[in-house]
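Trainee: I'm new to reading models like this one. Could you walk me through some features, starting with the general idea each time?

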Amino acid sequence: MIKTGDPRSLGVPSSEARLHFRTELQELGGGPRRRLLMVDDEPAFELSSYCGTCPLLFRRLETSKEKLSLESMQEQLTGALDETDAGGVIDAFGALLPQGEYLPLLLSVEPRLIIPGKEGDYFSGEQVTSWGLDQFWGLPEYPHTPYYRTFETAVDADAHLYEFVVPMVPPTWNERERVEEYIALMEQGTVPTAVAVSTLDVCGPAGSFGDDPSVHWGLTHFLLDGHHKLEAAATVGRPVRLLSLLALGDSLAGADHSARLPALRAQPRSARATGT
């Protein structure tokens, strides 16, 4: 944690926002309604269910094809922001978002690229430890995207905070020359800044299918700007700054959870201790 701002109203009407959150209408005889992150009015990600006891989820959908970076902010974000509201960055990216209350967080992150099903994958690791395998499929949840893990820490004896940075498009879509440019800058000491809209989803298993039925606080940052920066940082093991705009009204968390987040994010990193 570097800085946290006060909650502030941002955004434009949902019909005008390039990014917004939506809940599918219930069809007669249909399954549970999906909670969606929309980009340019197309479903980009399916998010955690409203049930509160279902596993944490961010699942990329076939229509997730667009980044939301702003050329006007590129020079400003090449280096490290020192304040959450420096240079009009929040207002510029706020114009992409739906009207609502957002908590600005300025974080330092050291991203680690995760491939689903491989080493370090939250969905086949910690989530299975708490929820067990999906009772229908007999498999872990699958996010359909590589993603970055950046931080985790204890909330209390029965709950743990997990942080993720999720690209709108996979790193394989990134331009190789731009990734190399950021690698060179980072090796010279530059710490660039990425921007994300974020959700805090608090989920806890209702049953005892897993070995450690703890509550998971999922802080998920969906990248608006910084796809090349995050890949470069993960490649060379360098930090980047991340300006997170936490969507308070579109998270599955209460005001008390959000109020605790800055202090939790300022704690030392620690993994969940299980089997004790």
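Trainee: Which residues form a nonpolar patch on the surface?

Mentor: Keep in mind that this is a predicted model. The patch is made of Phe136, Trp137 and Leu139, and together they have about 440 Å² of accessible area. Take phenylalanine 136: its place is the loop between helix H3 (126-131) and strand S9 (147-156). With a relative accessibility of 67%, phenylalanine 136 counts as exposed.

Trainee: Okay, now helices. Which residues of helix H6 are buried?

Mentor: General idea to begin with: an α-helix has 3.6 residues a turn, so residues three or four places apart point the same way. Now the case here. In H6, residues 255-265, the buried ones are Ser258, Leu261, Pro262, Leu264 and Arg265. Looking down the axis of H6, you'd find these buried residues within an arc of 165 degrees, so they line one face of the helix. On the other side of H6, Ala255, Asp256, Ala259 and Ala263 are exposed.

Trainee: And how many of the ten residues of helix H5 are buried?

Mentor: Seven of them, so H5 (residues 227-236) is largely enclosed by the rest of the structure. The buried ones are His227, His228, Lys229, Leu230, Glu231, Ala232 and Ala233.

Trainee: What about phi in residues other than glycine?

Mentor: Most of those have a negative phi. Aspartate 41 has a positive one, near 65 degrees, and sits in the loop between strand S4 (35-39) and strand S5 (42-47). Histidine 144 also has a positive phi, near 60 degrees. You'll find histidine 144 in the loop between H3 and S9, and at 44% relative accessibility it counts as partly exposed.

Trainee: Let's talk charges. How many salt bridges does a search of the whole structure find?

Mentor: The idea is that side chains of opposite charge can pair when their charged atoms come close. The search finds 15 salt bridges. One of them joins arginine 22 and aspartate 41, whose closest N and O atoms are 2.8 Å apart. Arginine 22 is in strand S3 (residues 19-23) and aspartate 41 is in the loop between S4 and S5, so the pair ties together parts that are 19 residues apart in sequence. Arginine 22 is partly exposed, at 35% relative accessible area, and aspartate 41 is partly exposed at 47%.

Trainee: Where are arginine 265 and glutamate 163, which also pair up?

Mentor: Their side chains meet in a salt bridge of 2.9 Å, N to O. Arginine 265 is in helix H6 and glutamate 163 in strand S10 (residues 159-166), so to speak distant parts of the chain, 102 residues apart. Arginine 265 counts as buried, with 4% relative accessibility, and glutamate 163 counts as buried with 0%. There's a network of salt bridges as well, linking Glu46, Arg59 and Glu141.

Trainee: One more, then. Is leucine 105 buried or exposed?

Mentor: Buried, at 1% relative accessibility. Leucine 105 lies in strand S7 (residues 100-109). Leucine 105 and isoleucine 2 are 103 residues apart in sequence, while their C-alpha atoms are 7.9 Å apart in space. Leucine 105 also touches several residues, including Met1, Thr84, Leu242, Leu261 and Pro262.

Notes: Residues numbered from 1 in each chain as written. Predicted model: local features only at pLDDT ≥ 70, side-chain atom pairs only at ≥ 80, totals over all residues. Heavy atoms only, no water. Buried < 20%, exposed > 50% of the residue type's maximum accessible area, 1.4 Å probe, protein only. Helix = DSSP H or I, 4+ residues; strand = E, 2+ residues; numbered from the N terminus. Patch = residues over 30% accessible without salt bridge, like charges linked within 9 Å, V, L, I, M, F, W, Y side chains within 5 Å. Areas by Shrake-Rupley, 256 points an atom, 1.4 Å probe, with all protein chains shown as cover. Salt bridge = Lys/Arg side-chain N within 4 Å of Asp/Glu carboxyl O. Arc of directions from axis to C-beta. Contact = heavy atoms within 4.5 Å.
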